[in-house]
Amino acid sequence: MLINNHSYYSLRYGTFSEEDLLQQAHSHGYTRIALTDINNTSACLNFMRLAPKYKVDPVVGIDFRNGVDQRYVGLAKSNIGFLHLNQFLSQHSHHKMNFPEEAPLLEDVIFIYPFKKALELNKSDYHDHEYIGVAWQDIPKVRFTSLFQRQDKIVILQSVSFRNKRDFNTHRLLRAIDNNILLSKLQPADQASIEDVMISYDELKDKFKEFPTLIANTDRILSTCKVHFDFSQNRPHQNKIIYSDSKESDQKLIKQLCQQGLEYRYPVVTDQILSRMEKELDMIDQMDFIPFFLVNWDIIQYAKSKGYFHVGRGSGANSIVAYLLGITDVDPIELDLYFERFMNLYRTSPPDFDIDFSWRDREDVTRYIFERFGDKNQVALLATYNTFKHSAAVRELGKVFGLPKHEIDKLSSGKFNYRALDKLSQLVIIYAQELDGRPNYLSIHAGGIIIAEKPIHYFTATDLPPKGFPTTQFDMIVAEDVGLYKYDILGQRGLGKIKDAMQLVRINRPDAPKVDIHDVKPFFKDDNINKMVSRAECIGCFYVESPAMRMLLRKLEVDSYLGLVAASSIIRPGVAQSGMMREYILRHKNPERRKNAHPVLEKIMPETYGIMVYQEDVIKVAHHFAGLDLAESDVLRRGMSGKYRSREEFDKVRMKFMSNCKEKGYGKDTTLEIWRQIESFAGYAFAKGHSASYAVESYQSLYLKTYYPLEYMVAVINNGGGFYRTELYVHEARKCGGCIHAPCINKSQYETWLYGDDIYLGFHLLHSLEVNVALRIKKERRQNGLFLSLDNFLDRVHISIEQLSILIRIDAFRFTGLDRKTLLWKANMAVGAAVPKSQQNSLFKTVPRKDFALPRFDYEALESTFDQIELLGFPLSHPFQLLRDALPDEKIIASDFQKFSGKRVVVYGYLISVKNTKTTNRKIMQFGTFLDYEGEWIDTVHFPPVAKKYPFRGKGIYKLQGKVVEEFGFYTLEVEAMERMAYVEDVRFSVDKPQVA
């Protein structure tokens, strides 16, 4: 008899989960209840999925409100009714419209007006689908209204939002957070009644015992509501089921595309290739996934037609069909990829394709998907739930309790003695723990898009975020529960680098041979590329430029594509945490050590010396070592990744793993060690096809870095760099032979540009320079030619003195031959602080500006360096020139480490990056990356005592004292002491320096 129940997906209003609601209903004696969250359907599907567990018949609907003003409650009588409710909510959500006073007439939908709203409407006629809802508190009032005569239209509308007083307190805090007010300012009208708690079925019937008609009406309308979704393990998927005009046409098309792909991908088509292709096609057809492959192929075809680059990865990269369709560039035959990882009869979900596009192209691809497949609203972005995190919850609660900022900061940091806190601060901590992990608001999944056969509103209402694409109100887990599997369309900067570099090559080197960047096999065999990989000279290249990867490449002496595939997964946190990264390197370098592997593991993973490196190795070990079937093995893999829906199911598989190993005669220590390895890395490891896809993109970027280094480094700078700051990529471009120039009015574009070997930094790198100013300069220069002087520039470009000063200080007017101080004087006299009102070119010839006689200014080169640091974030000169005290003539540099191995040395390094981590006993240690005087790498280790005693103090040059350590041919410095060296005084602000001569 409960029609109006809220979960915590009534965002910033409800206080418990949909499963908690079902538990409450069961314990209070209810067998049928409705979930009606406020303007939200996030919990509806999971509510229906879980209801049988609690012997409850689920009814779903929506509590429609304008703010907190409740208009009516809608209940779905069928799936069609649920569709109409979702459409009605979505329409008003998308257009930010208030709900009308009277409910619409929707097929298979019942609407209930709350008693107070029914009085306000003063309706005389109620349609068949309309009812009046009363709570037991309303009974005394109802008797004395005209509505009492319509008992045939009255039902029980007892709201449930809390379980107890603490829930009510939490609710009030949520309402204060939502309204951004102090708790003391919260009005009764902005919150629910404290009586909105669940009472037992018998108690509720007793309160309405004088009105049996109301009880019967309520039972009757609830019994007519039956929404059904299939949540069974073998449910059919709900994705698009036909790509073309029929299933037969789809079968014919995918075979035709595979035949075309064979000609492009394989010069010689072997029986092994054909057999694998036929096996996959049969399985794909049998599991009804042909449209899934064809939709992905369609997306790729559109991208290629627009000149967009892509990388296909995920478990689907194990598929030869995906390779032949051009979805991926990974050859599963070459890599012996495990077919069962990407598809098997026990796995109901389609292969996981993560398709990356350039960060600039992704939105257009998303737009295409909505236009191509969403003509009947079958497409939506997938949502995620942004939950309250403890620290953020502390800050929100501190504000509503009225605490001062310094107290909120203290509580948020976690550095306090709880018992020493005052009562108010203790309440903040108590209720922050209460809120921790609860949904706060809906956000958008990083790349998930649903393309369904039915309209999306059949499953969920949608929101419309600022980018303008409808977004579901449930997340990936719920979508998969009902058979909706996402397409992952992601954006990354690595592909932007490749695309921009290819364009720069065409412009800067028009005679360069054309290259098919997707025909990667020649890159794998290129000695020059592989030598560069073995030297770990990969700055700017996708996934292989970080200090940790540089170290691993050197230690493993990687010089091949297959080696890089392995390294791409070994570098992941889990392998290192399991202790198997070091063991892998030892077995890689010493064949004798490979005999330490367990015979079964060595047999099923010979390529990785019996060590689990890839995600599918978990499946192999579970299946072949522990004797689990493929379905159980996949539950184990997903569970290790934190993607299990049922913890009980995962625990059951874990117990079977242990018992099977015992039956097979494995020792307890062996079983536990294998389990420890699985447990420590499975959540982080890549599928082998995924690693291979990463390695493909790495080789594409490595090809460009090897043969077109300047074009590639400019593209890296223009795409926001990568692991490091822009400064390092400018340094790398200089090492590659580029001549670096500061931004120039006549040479620079908005982005960094290349003329031969001359690299002109772009206006985009200048802090505080407005985009429209930079674009205005570029447009004027393109239309009317180069600028001739400062006066000529001012006659043609409208600019404020603040913006002009940035350009002068970075020496962008150096073509005039005038020093910067003279230019600044002239600029201030010509422009002042005002911006001309007109943004049009003058109709008449500009009156020549008076040329004032100016004093001769004294100028130091270091002034320019400090201006560069302020405006670009880094100097264009050698950073060691900024030191106050000169370095000793005889100094050790990185290339000397080999002869000082095991010895203590003093070296000087320019700080590039710091990685903070924690030891097993939770103490902080650090890894530093520096450049020495010659611009070569120094890698440092700072163990906890040193990290605590000698902390990093920001950018700069450090004097490092420590011991040189060698491991597998890679040298690091174990730091024992460190100090940041002093720079010269900023001459721009020196009080002793004369300003004029």
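Predicted model: local features only at pLDDT ≥ 70, side-chain atom pairs only at ≥ 80, totals over all residues.
Let me begin with the largest nonpolar core, which has 109 residues, and in which Leu 553, Tyr 561, Phe 793, Leu 804 and Leu 807 touch the most other members. By a nonpolar core I mean a set of buried Ala, Val, Leu, Ile, Met, Phe, Trp, Tyr and Cys residues joined through side-chain atoms within 4.5 Å, where buried is under 20% relative accessible area, exposed is over 50%, and partly exposed is in between, with a 1.4 Å probe and protein chains only.

Residues are numbered from 1 along each chain as its sequence is written, and side-chain values use heavy atoms, with hydrogens and water left out.

Leaving aside neighbours within four places in sequence, Leu 804 is in contact, meaning heavy atoms within 4.5 Å, with Leu 790, Phe 793, Leu 794, Ile 799, Phe 813, Ala 827 and Val 831. Apart from this core lies another one, of 71 residues, which includes Leu 35, Ile 62, Ala 479 and Leu 484. As general background, nonpolar side chains in soluble globular proteins tend to be buried together.

Next, one helix. Helices and strands here are DSSP runs, H or I of at least four residues for helices and E of at least two for strands, numbered from the N terminus. Helix α39, residues 861-872, has 12 residues and should span 16 Å at 1.5 Å a residue, and its end C-alpha atoms are 16 Å apart, in agreement; the expected span is 1.5 Å times one less than the number of residues. Within α39, the buried residues are Glu 863, Ser 864, Thr 865, Phe 866, Asp 867, Gln 868, Leu 871 and Leu 872, and what covers them includes α37 (801-809) and α38 (820-830). After α39 comes Gly 873, with a positive phi near 100°.

Turning to the rings, the structure holds 48 aromatic pairs. Rings of Phe, Tyr and Trp, the last by its six-membered ring, pair if their centres lie within 6.5 Å, and planes under 30 degrees apart count as stacked, over 60 as edge-to-face, and the rest as tilted. Phe 148 and Phe 211 form an edge-to-face pair, because their ring centres are 5.9 Å apart and their planes stand at 90°. Phe 148 is in the loop between α5 (139-142) and β7 (154-156), and Phe 211 is in the loop between α7 (201-207) and α8 (212-223), so this pair ties together parts that are 63 residues apart in sequence. Phe 211 is buried, at 7% relative accessibility.

A further edge-to-face pair is that of Phe 930 and Tyr 958, with centres 6.0 Å apart and planes at 70°. This pair links distant parts of the chain, since Phe 930 belongs to strand β20 (residues 924-931) and Tyr 958 to strand β22 (residues 957-967), 28 residues apart. Phe 930 is buried at 0% relative accessibility, and Tyr 958 is buried at 1%. Ring pairs also link Phe 64, Tyr 72, Phe 88, Phe 99, Phe 111, Tyr 113 and Tyr 126 into a cluster.

Which ring does Arg 550 lie over? Arg 550 lies over the face of Trp 937, at 4.4 Å from the ring centre, and the charged end of Arg 980 sits over the ring of Tyr 983, 5.8 Å from its centre. The criterion is that NZ of Lys or CZ of Arg is within 6 Å of the ring centre and within 35 degrees of the ring normal.

On cysteines, the structure holds zero disulfides, a disulfide being a pair of cysteine sulfur atoms within 2.5 Å. For Cys 541, the nearest cysteine sulfur, that of Cys 538, is 5.6 Å away, and Cys 541 is buried at 1% relative accessible area.

Finally, some loop residues. Arg 438, in the loop between α18 (423-435) and β12 (439-451), is buried at 11%, and among the residues that Arg 438 touches are Tyr 8, Arg 163 and Phe 388. Most residues other than glycine have a negative phi. Lys 55, however, has a positive phi near 55° and is exposed at 64% relative accessibility, whereas Phe 968, with a positive phi of about 55°, is buried at 18%.
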